[in-house]
Amino acid sequence: MKVQGKMFMWLSVFVLAMAVVYGVWSKEPAGTTALFLAFGLCIMVGFYLGFTAKRVDAGAMDNKEADVADEAGEVGFFSPHSWQPLALGVGGALAFLSIAIGWWLLYFSAPIIMIGLYGWVFEYYRGENRTQ
């Protein structure tokens, strides 16, 4: 994680330099603001990765003599059959579509989002998947 933290910190320096250069040359506020916000995001991610790297064990990516196989193993648990992301995607699409069509569409998208979110959170607390 130390490597990723340093990469993001160096990326933030580059983005800050580009934001200043872009702001001076173009005098365009929207792009300049976006670049300064990107600088802030890079700083936040770099600080988080550096802060977390001090509190966890060093991974294979921090060892210069490590092989690819050193990082092998279980990554985590991923649900192979969940339908809840589909409901969240449809609800989110309708919510963003309401900006273009009309705010009344939020009355239909909010329940779909809530049902999908509830189903996703409690997916492994009920039904046939309760024991996983």
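Reply: **Aromatic side chains**

Trp104 is partly exposed, with a relative accessibility of 48%; this class lies between buried (under 20% relative accessible area) and exposed (over 50%), using a 1.4 Å probe and protein chains only. Phe108 is exposed, at 52%.

The model is a predicted one, in which local features require pLDDT of at least 70 and side-chain atom pairs pLDDT 80 or more, while totals for chains, interfaces and linings use all residues. Numbering starts from 1 along each chain as its sequence is written, and side-chain values rest on heavy atoms, leaving out hydrogens and water.

Rings of Phe, Tyr and Trp (its six-membered ring) form a pair when their centres lie within 6.5 Å; the pair is stacked if the planes are under 30 degrees apart, edge-to-face if over 60, and tilted otherwise. Under this rule there are four aromatic pairs. Phe47 and Phe51 make a stacked pair, with 5.8 Å between centres and 25 degrees between planes. Both residues belong to helix 2 (residues 29–53), where they are four residues apart, about one turn of the helix. Helices here are DSSP runs of H or I with at least four residues, numbered from the N terminus. Phe47 is exposed, at 53% relative accessible area, whereas Phe51 is partly exposed, at 38%. The pair of Trp104 and Phe108 is edge-to-face, with centres 6.2 Å apart and planes at 85 degrees. Ring pairs also join Tyr118, Phe122 and Tyr125 into a cluster.

Phe14, Trp25 and Phe36 are among its members, together with Leu11, Leu16, Met18, Val20, Val21 and Val24, and the accessible area of the patch is about 860 Å². Such areas come from the Shrake-Rupley method with a 1.4 Å probe. Patch residues have over 30% relative accessible area and no salt bridge, and nonpolar side chains (Val, Leu, Ile, Met, Phe, Trp, Tyr) are joined within 5 Å; a salt bridge is a Lys or Arg side-chain nitrogen within 4 Å of an Asp or Glu carboxyl oxygen. Helix 1 (residues 2–26) supplies the largest share, eight residues. Val20 lies in helix 1 and is partly exposed, at 42%.

Technical notes
Helices (H or I, at least four residues) and strands (E, at least two) are DSSP runs, numbered from the N terminus. Patches are made of residues with over 30% relative accessible area and no salt bridge: like charges are joined within 9 Å, nonpolar side chains (Val, Leu, Ile, Met, Phe, Trp, Tyr) within 5 Å.
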